[in-house]
Amino acid sequence: MVSADAAALPMTADDTVPLIALRGIGKHYGGGRGGPPPVTVLHGIDLEIHAGEFVAVVGSSGSGKSTLMNILGCLDRPSHGSYHFQGQDVGLLDADALAWLRREAFGFVFQGYHLIASETAQENVEMPAIYAGLHQDARAQRAQQLLARLGLEARRHNRPHQLSGGQQQRVSIARALMNGGHVILADEPTGALDSHSGAEVMALLHELADAGHTIVLITHDRAVAAQARRVIEIHDGRIVSDSREPAPAPREAALAPPPALAGSPAATTVWWADLREAARSAWRGMVINRVRTSLTLLGIVIGVASVIVMLAIGEGARRQVMERMGTMGTAILYMGSKPPVTGGPAGQLTEEDLQAVRELAEIRRVLPVIGDPVTVRYGSVDKQLYVFAASEEMPAVHHWSVAQGRFYTAAEDHDLAPLVVLGHKAWQHFFPDTPHPLGQQLIIGTSAFEVIGVMSERGAESGAQDYDDMVFIPYNAGRARVYQSQTQPDYVVVEAMSSADVHAAETAMRQLLIARHGGREDFGIGNAAARIQAEAATRQSMAMMLGLIAAVSLVVGGIGVMNVMLMTVKERTREIGIRMAVGARQRDILRQFLTEASLVTLVGGSAGLVVGLALGAVLIAVGVPVVFSVRAMLGAFACAVITGLVFGYKPAQTAARLDPVRALAGE
Ligand code: ADP
Ligand code: MG
């Protein structure tokens with residue numbers, strides 16, 4: 001096969017090489033296995049047509065005229081025989097080269113006009129030039145001129161259904177002339193017209209013949225045929241007479257071959273102009289089929305919106321857990337004494353026990369805590385506050401910072417120093433007018449403590465206790481001065497080396513303490529980190545499941561696109577045929593349908609984005625934690641478009657692979 005680029009046809013000013021030369025052309029249909037019996041429609045047609053001739057092919061209905069014309073116009077291939085166009089064997093051309101030949105050499109005029117219903121007269125006329133890559137302005141200007149020449153200036157913006165038959169046929173003639181119309185192939189052009197319009201069309205063809213166009217007029221009407229300069233009669237697929245004069249007079253007015261015939265095909269095609277054109281007609285298609293389009297869009301919108309919202313909910317939940325982890329620490333365990341399940345008294349967690357736990361490899365910090373509501377007084381103000389006695393490691397364990405002043409040191413704790421650090425609310429309660437309360441004395445219980453710092457504000461958190469409402473004192477000072485009756489901590493906060501170690505830390509602690517307590521499990525270990533981690537994992541998998549459901553809905557949306565595209569292709573078979581007849585290549589059709597699919601998904605994706613954001617806003621308003629991620633949004637959007645392209649590809653390919661003749665017949 002010769003590709004379009006290699007198929008530059010030789011220029012023939014020389015009249016001895018016929019423009020069209022058919023040798024033994026035959027065409028039969030059917031004969032396949034299981035199909036109808038073979039029908040031979042054309043039997044060994046030999047025919048030469050020279051540039052500038054005005055030929056009528058006449059014959060009764062069913063004699064094979066249209067079949068012959070389709071072969072002449074490269075819409076169909078003969079079953080056997082050879083066809084040379086300007087000396088070039090057409091049988092050797094591939095689909096693209098044939099499209100190019102149709103576009104540059106031929107102009108078709110059909111009995112049924114074959115205009116695209118959704119496009120205006122002007123747009124119909126411009127179409128062949130789009131595929132030829134003519135610039136938009138030049139295209140519009142030429143179409144306008146042609147329409148004016150055919151008396152349709154005022155009807156430029158009418159759609160075909162707003163035009164009479166004669167007007168539609170004139171539009172189709174203008175379309176045939178758009179790319180030059182070197183050879184006009186007219187199949188029963190007057191067949192559907194009243195006599196007046198028919199006469200007008202014939203007059204036009206005469207004018208074109210006089211201007212040097214080669215015209216092949218196909219008709220069953222002898223009176224019409226008689227107007228041509230040469231009449232070929234066909235009967236049952238055979239030429240039975242030919243009125244050709246022995247030597248055709250060389251025509252002065254013969255058109256030079258259109259320049260594109262000698263040049264490189266479609267060299268001027270600009271991809272983005274094509275794309276814009278495809279997008280324009282895709283948009284028009286969407287608007288015309290509003291209901292169907294919106295139903296398809298709905299699938300995509302739901303898909304994209306749900307992906308965005310689900311991921312935002314998942315992320316919100318994850319952040320919430322992360323936040324809790326942040327305040328509690330990701331590696332925190334609690335330990336306290338407890339009566340064993342087997343009965344007997346609760347154990348004692350001694351200083352030595354704590355020291356032993358501290359020395360375990362899996363453990364980073366051990367923080368014994370005593371805390372109870374105690375009356376705290378400053379001047380004449382007093383209040384019951386939770387007084388939290390713990391070592392200097394408290395801020396580190398709780399991932400908490402000091403806002404003012406400092407925290408007490410290990411040495412101060414050891415020395416029973418009477419120092420206190422205030423929670424944010426405690427500070428505001430006792431010192432509403434004192435921005436810097438450092439150095440003030442608080443009476444806790446019965447002892448005086450000096451304020452050395454204020455903790456930063458912790459804010460509302462999910463824990464039961466409000467840490468901002470507490471005051472913090474050294475563990476040993478607390479035991480000595482506030483909680484004298486207390487021999488062991490209320491509970492012990494233990495921090496594992498890392499969040500990955502919490503289970504190992506729990507096991508090691510349990511074994512160690514059982515051994516130290518003579519085999520009795522008279523203590524309890526609460527693994528806060530493990531609980532939070534489990535919760536995070538649950539939420540994570542929930543978010544993933546939601547995401548999966550959302551993704552499925554996106555795929556369902558994509559299948560919707562495919563369904564609609566397949567329907568569109570079916571519905572628009574004839575339009576595809578027309579586009580191919582005026583010279584669209586397979587890739588032009590493919591691009592058009594892919595553009596339509598992507599346009600649907602782009603619009604659907606954008607709407608989905610908006611709907612998703614709106615839903616998210618509603619969720620935020622009702623207090624559900626939602627965190628939008630730009631990545632998720634872009635991802636969902638991209639997924640929608642890719643889904644559209646993937647699911648739109650098959651229908652587009654189906655459209656592109658249609659056989660021009662069958663598509664034109666609307667099969
Ligand atoms: P005309 O245009 O002269 O009326 P056609 O060329 O359309 O005749 O058709 C010639 C014959 O070929 C008819 O008998 C028709 O039934 C047959 N024919 C045309 N197309 C097909 C096809 N796709 N499959 C089978 N038979 C066909
Ligand atoms: Mg016919």
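Biologist: How many salt bridges are there?
Modeller: The count is 27, taking a salt bridge as a side-chain nitrogen of Lys or Arg within 4 Å of a carboxyl oxygen of Asp or Glu. Bear in mind that this is a predicted model, where local features need pLDDT of at least 70, side-chain atom pairs count only at pLDDT 80 or more, and totals for chains, interfaces and linings use all residues. Residues are numbered from 1 along each chain as its sequence is written, chains are lettered from A and ligands numbered from 1 in the order in which they are written, and side-chain values use heavy atoms, with hydrogens and water left out.

Biologist: Ok, which residue does arginine 230 form a salt bridge with?
Modeller: Aspartate 242, with the closest N and O atoms 2.8 Å apart. Helices (H or I, at least four residues) and strands (E, at least two) are DSSP runs, numbered from the N terminus.

Biologist: Is arginine 230 buried or exposed?
Modeller: Buried, at 2% relative accessibility, while aspartate 242 is partly exposed at 36%. Buried means under 20% relative accessible area, exposed over 50%, and partly exposed in between, with a 1.4 Å probe and protein chains only.

Biologist: And what does aspartate 353 pair with in a salt bridge?
Modeller: Arginine 516, the closest N and O atoms being 2.6 Å apart. That pair links distant parts of the chain: aspartate 353 is in helix H11 (residues 351–358) and arginine 516 in helix H16 (residues 502–516), 163 residues apart. Aspartate 353 counts as buried at 3% relative accessibility, and arginine 516 as partly exposed at 41%.

Biologist: Which residues are joined into one network by salt bridges that share partners?
Modeller: Glu119, Glu123, Arg280 and Arg284.

Biologist: Switching topic. What order do the four strands of the open sheet take?
Modeller: E2-E1-E4-E5, with antiparallel pairing; two strands pair if DSSP finds at least two bridges between them. Strand E2 (39–49) and strand E5 (88–89) are at the edges with a single partner strand each, so one side of each has no neighbour in the sheet.

Biologist: How many bridges do E1 and E2 pair over?
Modeller: Seven, with E1 covering residues 20–29. Tyrosine 29 has valine 39 in E2 as its bridge partner.

Biologist: Which strands does helix H1 touch?
Modeller: H1 (residues 65–72) packs on the sheet and touches E1, E2 and strand E4 (80–85), where contact means heavy atoms within 4.5 Å. Its direction makes about 125 degrees with that of E1. Axes are lines fitted to C-alpha atoms, for helices over the stretch in contact, and angles run from 0 to 180 degrees between N-to-C directions.

Biologist: How many residues of H1 are buried?
Modeller: Seven of the eight, so H1 is largely enclosed by the rest of the structure. Among them are Lys65, Leu68 and Ile71. Just after H1, cysteine 74 takes a positive phi of about 60 degrees.

Biologist: Last one: which residues are around ligand 1?
Modeller: They include Tyr29, Val41, Gly62, Lys65 and Ser66, each with a heavy atom within 4 Å of the ligand. A polar backbone atom of glycine 62 is 2.7 Å from an oxygen atom of ligand 1. For lysine 65, a backbone N or O atom lies 2.9 Å from an oxygen atom of ligand 1. Serine 66 brings a polar side-chain atom to 2.7 Å from an oxygen atom of ligand 1.

Notes:
Polar contact = N/O pair within 3.5 Å; in protein donor to acceptor, adjacent residues only side chain to side chain.
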